[in-house]
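Here are my notes on the model, as numbered points. Please read them with the structure open.

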Amino acid sequence: MKTLIPLIKPYIPPKNILMPAIEEILYSGYIAEGKEVYEFEDMFKAYIGNKYCLAVHSGTDALHLALKLAGVKPDDEVISTPLTAEPTNTTIAMMGAKVIWADIDINNGLIDPDSVVKLITSKTKAIVVVHYAGMVCDMNRLNKISKDYNIPIIEDSAHAMGAKYKGKYIGTNSPYTIFSLQAIKQMTTIDGGFLCVKNEEDYTNGRLMRWFGLDKTKSRLDNDIKTVGYKYAMNNVNATVGKIQMHFLDKVLDKYISNGKYYDKELCGIKGIELVKYSDDTEPSYWLYTMKVERRDSFIKMLESNGVIASPLHHRNDTHSIFADSKRLLPNMDKFYNSFVHIPCGWWVNETDRKFIVDCIKSGW
Ligand SMILES: *Cc1c(COP(=O)(O)O)cnc(C)c1O
């Protein structure tokens, strides 16, 4: 049996750099939110190019805060996509709001702006878009819709660290963008997340809300909680991992991107494969390499017999029982769901591996 090439694998920095730093912080007496968190935030802000970024305990926490800051209330409507990981939509349910499913673009599985427009009502409070698998949504058209109807966009960028829109990193475009630093994402702090906002007011309110509504810059006795917050802060231990990860981030992302571009070139024109179309003015960061294949089950079996893991990975969210009230026809989702697949594309896939994967595919299934 050949060694398996997995579909996902966490990048953990070298032991001789990571372990002394973890040991130091663990015994420092300061393991909760503190200096390490603020330093990690500063590094991330400089990287993304947005001074309003807040470190939190998870991407899910960041989504919940984004929905709160966007003013979503019980019985409001939030337009979202079914092709994503569940937290994108369970957080909308947490708010007591109703998920309104937009259909996806058949060419890439990303939320379809035409479908979004048709679903807007006086109850729509936010539009959640997901840069699925590292591909960036059609932000030119989505930005216009957001402006025309005055409805904020929340970009779920849990899959798309390092992806770009108009030459700038995702995280600077919409009023709210979230990142996940969970185990399987492009950069992990074991668990963690970021909420990136666009103005001082959201930044201040988000900061208060990640810590019960208490203002950490004042003493406890001088505090007065005016809005209920949560316990969503990142701690110094996760932030220590994050600070070290930042030194490797470009190198790690470059591997994903170079493998993705290699597949774009090498898999073009193969019978039985349809490559995805990337949106105008965007650069994907290829968390997973996505394509459509004929006879998907045989394709997956053929690669597996060669030691390569391929999978569609995500369960369309609209079929879960908790979303029964939101059910509607999504013809493009139905079609895409039966044919899309992901192949390994990350930092662990070397030049020999990726050529081997392409050769396997070229030999047929
Ligand atoms: C991972 C993920 C999240 C949630 O992030 P956590 O850090 O695991 O809470 C949200 N949205 C998408 C699309 C994800 O893949």
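1. Start with the ligand and Thr60. An oxygen atom of the ligand sits 2.5 Å from an N or O atom in the Thr60 side chain. Keep in mind that this is a predicted model. The distance is computed from predicted coordinates.

2. For Ser180, an oxygen atom of the ligand is 2.7 Å from a side-chain N or O atom. For Lys185, the corresponding distance from a ligand oxygen to a side-chain N or O atom is 3.0 Å. Taken alone, the ligand exposes 380 Å². The protein buries 91% of that area.

3. Which residues come closest to the ligand? They are Thr60, Asp156, His159, Ser180 and Lys185, in a shell of 15 residues. By class, that shell has nine polar residues, four nonpolar and two charged.

4. Next, the helices around the ligand. Both α3 and α4 (87–94) supply at least two residues of the shell. The biggest share comes from α3, with three residues.

5. Now the largest pocket. Its volume is about 410 Å³. The lining has 21 residues. Those nearest the pocket centre are Asn205, Met209, Lys226, Thr227 and Val228. By class, the lining counts eight nonpolar, eight charged and five polar residues.

6. Which helix gives the most to the lining of that pocket? It is α7, with four residues. Helices α3 (59–69) and α7 (200–209) each supply at least two lining residues. The model has one cavity of 30 Å³ or more. About 30 Å³ of space lies in the largest cavity. Tyr11, Gln186, Met187, Gln245, Phe248, Leu249 and Val252 line that cavity. Five of these lining residues are nonpolar and two are polar. None is charged.

7. Gln245 belongs to helix α8 (residues 236–266). Is Gln245 buried or exposed? Gln245 counts as buried because its relative accessibility is 2%, below the 20% cut-off. A polar atom of the Gln245 side chain lies 2.8 Å from the backbone oxygen of Tyr11. Tyr11 is also one of the cavity-lining residues.

8. Leu7 sits in the segment before α1 (15–26). At 6% relative accessibility, Leu7 is classed as buried. In sequence, Leu7 and His159 are 152 residues apart. In space, their C-alpha atoms are 14 Å apart. His159 is among the residues closest to the ligand.

9. Phe212 is not a glycine, yet its phi is positive, near 65 degrees. Phe212 lies in the loop between α7 and α8. With a relative accessible area of 33%, Phe212 is partly exposed.

10. Where Phe212 is partly exposed, Tyr286 counts as buried, at 5% relative accessibility.

Notes. Residues are numbered from 1 along each chain as its sequence is written. This is a predicted model: local features need pLDDT of at least 70, side-chain atom pairs count only at pLDDT 80 or more; totals for chains, interfaces and linings use all residues. Side-chain values use heavy atoms; hydrogens and water are left out. On a 1 Å grid over the protein atoms alone, a cavity is a set of points where a 1.4 Å probe fits but cannot get out, and a pocket is an open set with protein on both sides within 12 Å along at least five of seven lines; lining residues have an atom within 4 Å of a point. Grid points are joined across faces, edges and corners, and a volume is the space filled by probe spheres set on the points. Ala, Val, Leu, Ile, Met, Phe, Trp, Tyr, Cys and Pro count as nonpolar, Asp, Glu, Lys and Arg as charged, and the others, Gly among them, as polar. A residue is near a molecule or strand if one of its heavy atoms lies within 4 Å of it. A polar contact is a pair of N or O atoms within 3.5 Å; within protein, one must be able to donate a hydrogen and the other to accept it, and residues adjacent in sequence count only if both atoms are side-chain atoms. Accessible areas come from the Shrake-Rupley method with a 1.4 Å probe; for residues, only the protein chains shown count as cover. Buried means under 20% relative accessible area, exposed over 50%, partly exposed in between (1.4 Å probe, protein chains only).
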